[in-house]
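Open the model in your viewer and keep the selection panel at hand. The stops below say what to pick next and what you will find there.

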Amino acid sequence: MKRLNNLYYSKRIKELLAELQTAGTTLVVAPMGYGKTLAVQYFLQEQERYGKKVLRQSIYGAGAEAFWQGVCHSWHGTELGAALLQQSLPADANARTLVLELFRQLLPQEPVYWFIDDLHLLESSEALDFLFALSKAGFAHLHLLLVSRGQIFDGSRLLELGRKVFCLDKHDLALQRDELAEYSSRCGLQLTAQQLDALHEACEGWFSVTYLNFLNYDRYQRFCLDTGSVYEMIADVLLRPLPPEQQRLLLLMGQPEEFTSEQVAYAYGTSCREFVSRLLECNAFIIRLANGRLRCHHMLKQATRHAFGLLPEAEQQRYFRRLGQWYAQQREYEEALDWLYRGRDFNGLLAAVQQLRDWSMRPQHRQYLFDWLRECPPEILWQYPQAVLIIMRRMFSLNMVPEMLQVKEWYVTALERNIALSQRERDNYYGELEVILSFLAFNSITGMSEHHRRAYKLLSGAPQTLSKQGIWTFGAPSVLGLYLRTGCSLRQTVEDMQECMPPYYLLSGWHGAGAAELTEAEALLLQGRIDEMDMPLQKAYYQAEKHGQECITICCDFLEMQRDLFRGVYSSKAEAYSRHQWQLQPWKQSMLLNTADMCAGFYYALLGKPEYIPSWLTDENGQQPSVLYPARPCRNYISAQCLLAQGQYTELLVRWSDWEQECHPYSNFLCLLYLQVQRASAFAGRGDVTSCRASLKQALALAAPDKLVLPLAQNVALLRPYLEQEAQGEFSATAAVALHLGQQLEAGRGQIMSMRFAEAGLQELTEQELQIAQLAAARHTNREIAQRLSLSEGTIKQYLNKIFAKLQIDAAAKNKRHQLERFFPNS
């Protein structure tokens, strides 16, 4: 009896698969048709038989978002899965650290096998970086099984993983000559040694081609060893011999990535379960998945899709339409969209969109959004204003503003033409439109507020387009960095924020709570009015923490860090931020970890401790997706300050033009001011007097109208002689205040350095350095110390410079020995 569809695993393969039980990560890499997936599935079925937990994920597209949805779906029903749903695919080092921490904390304390198939279809570097980081972490109970046709990790990464990774390739999976003989015997074929030799030589152990030859031999008593294409071979062996109805059914099976018998029968239009069963019995290229669904092997899928494309267009559309309607009936609306569009069912398409209020749209839909509405007959479009609204919202998220404005006209027309709407429904739709249009007015506080106020009057409930969980600051640590648009407007900006935020709070459920008070506190700090900012800062803290607005709390911390530098108080929050030991729990927004890095980086740059600055802030690749686009100017001026602290003046000037350009789209005036001051400081650091003076004059012209002296004071160490000259010129008042404030900052910074960091320096002094330091603290001159220790005065001077550096005593200070006395009070 022939058993051609029986799976075969040799003793050698079983022994190789047993290694997967001890490997943290297994890479199975081989061309299509070598039985990669089937071999891993066989191993996993064995593990399930012994009660082990198995998760399966297949890659069906190149997109990062679809990959992450698959990750979340794989872990669905677990505590880890619930936490991952609150995250997006980690796109930078901080986000990866956060997600890895979730795995560390929430992984089940039992072996888990996580199988991800067809990784060759994935084109997301972020996804592969995440899988590498997960492999490198090497969690004890997690076994990661990654399958691909092509290389998954490059050579350097494989070397870095070392023994944490186990690899199988096509040579491991290919059938050997004796295994081919045993396989053919188990299938019930009686082959001669000569036939086995010819088949093994032609197929080179390629499992799928061997199977197709077995089918062909069983049917025609001959092998097809000279076929030029495996797809032609599939058509000859599996497709063309079928009766017309079964052939059509097989073509239809090849269209979805996964399917059920009921789904195919619905799309086919008649009862055909018997035909489906027959196809499953005689075709090992149709795989039954663990979730009960079916899937065509890639080779069969490609062959059937080519043949399907030769059918009449009307027939193709009918099948597509039926597939879309099936998904919609199952409430799989996102899956339904593409099929309904390909089937030209615009009624069904827009009805499905209306079910997707919280639509996490796939990036590949971007190219179709406008086409969906442009190609839809107007009389259908007018019936679905809610669907048009949802698509508009997604267009803004995808930076499709011109298309969005065109759709706005269609949306208004749809509302006016839809006579079935009540006035309340119509007002709600117009209210939602106002909320969407408010984003186009960013970063005009009053412009956005006009839309918010109109929306509040029109809406009868909370808008669907706003979420209290969104990051109000876009990841920036400075509110005025986002919203101060011009010079001479600081007071007006504060007043506008105080007037406009309360209506927005009512509309959004306190999204951004504390921003108004925070703006006032930041304005006072920028003007150097340190003692006046405490009250509004505490109010901002209170509102932000009361309403769960962590992004505002971080902005409060950013101001507090800068304020405390003037008071000589070391910021424990900066230390916690730099170590990521802070109040955000791991399942909150990962972007705020990058905001925390910016706060800590800026603080340590001002403090003069560049070794504590997060490296990504000064990397040449400064365009990594660390914050949302509106917050990038803030990130840029923080990066510039970090470069100054590191003495990388040339690097700052090289990048300056690009950073300056990024201030213009949203008129980020404060960021522009910082960059102008930092440019002058970089020229000063290089000794370019002429360029420094020119840049400093531009900075003073920007700062003077609103007395924005803080950026100048924070860079007084490099700018002091130039500011002293300017204190006699056109901007004398601004320069004088900046110098005075800078002196306060240096005093506070010196106090922090001596109290916080210098004590540790005592432990680093050698015995000789300690003796010299004690003598110097006792007011002995260099000559006296040299004579006592039988050294030269030059050597004593060199020793003292090392001592001052270790004890964090400013080498340029005039009272260095006085500061030294604090460490040796009895000298």
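Select F115 first. It stands opposite L145 in strand β4. This is a predicted model. Now show the two strands whole: β3 covers residues 112-117, and β4 covers residues 142-148. They pair in the parallel sense over five bridges. Trace the chain from β3 to β4. The path goes through helix α6, residues 125-137, and this β-α-β crossover is right-handed.

Six bridges join β2 to β3, and the two run parallel. Pick K53 and look across to β3: its bridge partner there is V112.

Six of the six residues of β3 are buried, so the strand is largely enclosed by the rest of the structure.

Move to helix α18, residues 333-342. Which of its residues are buried? Colour Y333, E334, A336, L337, W339, L340 and Y341. That makes seven of the 10 residues, so α18 too is largely enclosed by the rest of the structure. Step just past the end of the helix to R344, which takes a positive phi of about 60°.

Jump to L719 in helix α38, residues 716-726. Its relative accessibility is 0%, so L719 counts as buried. Show what is around it. Beyond its neighbours within four places in sequence, L719 is in contact with V677, A680, S681, A684, C692, L696 and L712. L719 and L592 are 127 residues apart in sequence, and their C-alpha atoms are 33 Å apart in space.

Now select D564 in helix α30, residues 550-566. Is D564 buried or exposed? It counts as buried because its relative accessibility is 9%, below the 20% cut-off. Leaving out neighbours within four places in sequence, D564 is in contact with V569 and I752.

The next stops concern the backbone. Most residues other than glycine have a negative phi, and most peptide bonds are trans.

- Select F442 and N443. The peptide bond from F442 to N443 is cis, with omega near 5°. N443 is in the loop between α24 (423-439) and α25 (445-458).
- Select K707. Its phi is near 55°, a positive value in a residue other than glycine. K707 sits in the loop between α36 (689-703) and α37 (710-713). At 57% relative accessibility, K707 counts as exposed.
- Select R779. It has a positive phi of about 70° although it is not a glycine. R779 lies in the loop between α40 (767-777) and α41 (782-789). At 54% relative accessibility, R779 counts as exposed.

Finally, zoom out to the whole protein. It has 43 helices and seven strands. The C-alpha trace spans about 105 × 80 × 45 Å along its principal axes. Of the 827 residues, 54% count as buried. Among contacts between residues at least 6 apart in sequence, 70% join residues at least 24 apart. Last, colour by charge. The mean positions of the 83 positive and 90 negative charges are 1 Å apart.

Notes. Residues numbered from 1 in each chain as written. Predicted model: local features only at pLDDT ≥ 70, side-chain atom pairs only at ≥ 80, totals over all residues. Heavy atoms only, no water. Helix = DSSP H or I, 4+ residues; strand = E, 2+ residues; numbered from the N terminus. Buried < 20%, exposed > 50% of the residue type's maximum accessible area, 1.4 Å probe, protein only. Contact = heavy atoms within 4.5 Å. Lys, Arg positive; Asp, Glu negative; His and termini not counted. Charge placed at Lys NZ, Arg CZ, Asp CG, Glu CD. Pairing = 2+ DSSP bridges. Right-handed = clockwise from strand over helix to strand, strands pointing away.
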